[in-house]
Amino acid sequence: MKRLSQLLLATLGSFLLFSCSTDSDKLPDKDKETAGRVFVLNEGKFGQEVGRLDVITGDGQYLTGVDKGTLGGSAQDLAFFNDRTYVISQDARNSMWGRLVAFDTKDYMRIDDYSERIANLSKPSHIAILDLNNIFVRHSDGITRISLNKEAQQLIAGTEGADKKTILAVNNKVVASAGKKLLTINKNEDKIAQELELNGNISGIAVAGRDEVYAAAAGNPATIYKIKVSDLTIIGQHEVADEAGATLSGGYWGSASIITAKGDMVYFVGGRETIYSHNFATNQTQVVVDTKSEGFYPEGKVTYNGVKVDPRTGYLYIHCLTDWATFDKNATLVIDPTGATPRLVAKHNDKGRFVANFYFPGR
């Protein structure tokens, strides 16, 4: 009897231990929402609407307008720094407000509006942050470094031709493009540190590693470069031919980078409907998916801006419109490109308003 009691107690203990372990692995609902979130920045209809920040939560909910109407018109870009999210909009709302707004990244509460710090900048479009004394804003006249601590501002000499495209903070430097030139700017400096001329106008840049970026040049032939940021040396360059090359060199109009990358994989769509991948390790380019194909979004005739890869999951995010005239009929697609065939993970219908780009907090 004593042996039977010991056996029963041991079995019950094991059950309780297993149950506790299982329960502890389950995230509370709020943590499910914040883990793995995707921020969706909407420009809004030009001249008629302000920008808007949406969020796709970790458990798949689509939250619309978490900024509560505080952005300016044509929101273009955002950057994460510490526990805050900084959003840049081209146009002011209510005089100068809404052009540079800071939110708490976790709960989306607005912390401050710094629009007066950039009141003299024309059409600010992109932002990269090294620290609060080194916030770099690309605008119509170049790239300006501002400080939130010292209320200082300085136009970076030589950046007057900076493209209206994504700029990056990589290895304590800012990386930007101006025509055929790739530029770097050092922290606490108000001049170009280095520049490198590529074989065509640069249509986009993407982070490749701790001290590396990819750059797409719309030359003849179209070329994807891998470049070391610290000294702007070319690590490798691959020509891209046929329809994929035409996409890279096809006069891409978007303000988001034409390329996005995770590890060796570079993806691009160029405002068209076919998403391509280029494996930089094997120098192979292939079609991922036509967004108009059955099972994705057959009614979509336009992809707005570029495609963006989630560096955490490898999923692709893209915004499709049925037509320019019927932009309110649209879909945000989430695609898994990693299997033998692409898989539609999620489709959020009629949510976006001219999506500027997708962002992934925590990376």
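Student: Which side chain does R312 meet in a salt bridge?

Tutor: Look for a Lys or Arg side-chain nitrogen within 4 Å of an Asp or Glu carboxyl oxygen. In this predicted model, R312 meets D310 that way, at 2.8 Å from N to O.

Student: Are R312 and D310 buried or exposed, or partly exposed?

Tutor: Buried means under 20% relative accessible area. D310 has 2%, so D310 counts as buried, while R312 is partly exposed at 27%.

Student: How many salt bridges does the structure hold?

Tutor: There are 13. One of them joins the side chains of D91 and K123, at 2.5 Å from N to O. D91 sits in strand β5 and K123 in the loop between β7 (110-113) and β8 (126-131), so this pair ties together parts that are 32 residues apart in sequence. K123 is partly exposed, at 32%. Another bridge runs between D336 and R343, at 3.3 Å from N to O. Here D336 counts as buried, with 11% relative accessibility, and R343 as partly exposed, with 41%.

Student: Which residues are linked in a network of salt bridges?

Tutor: That would be E116, R117 and E151.

Student: OK, on to rings. What describes a pair of aromatic rings?

Tutor: You give the distance between the centres and the angle between the planes. This structure holds 13 aromatic pairs. Take F268 and Y276: their centres are 5.5 Å apart with 20° between the planes, and the pair is stacked. Planes under 30 degrees apart count as stacked, so 20° qualifies. F268 is buried at 0% relative accessibility, and Y276 is buried too, at 9%.

Student: Which residues form one aromatic cluster?

Tutor: Y252, W253, Y304, W324, F327 and F354 do.

Student: Which residue lies over the face of Y359?

Tutor: K308 does, at 4.9 Å from the ring centre.

Student: Now the backbone. Where is the cis peptide bond?

Tutor: Check omega: from N220 to P221 it is near 10°, and that peptide bond is cis. P221 belongs to the loop between β17 (212-217) and β18 (222-228).

Student: What about phi at N82?

Tutor: N82 isn't a glycine, yet its phi is positive, about 55°. You'll find N82 in the loop between β4 (73-81) and β5 (84-91), and at 68% relative accessibility N82 counts as exposed. N283 also has a positive phi, about 60°, without being a glycine. N283 lies in the loop between β22 (274-279) and β23 (284-290) and is partly exposed, at 42%.

Conventions: Residues numbered from 1 in each chain as written. Predicted model: local features only at pLDDT ≥ 70, side-chain atom pairs only at ≥ 80, totals over all residues. Heavy atoms only, no water. Helix = DSSP H or I, 4+ residues; strand = E, 2+ residues; numbered from the N terminus. Buried < 20%, exposed > 50% of the residue type's maximum accessible area, 1.4 Å probe, protein only. Phe/Tyr/Trp six-rings, centres within 6.5 Å; stacked < 30°, edge-to-face > 60°. Lys NZ or Arg CZ within 6 Å of the ring centre and 35° of its normal.
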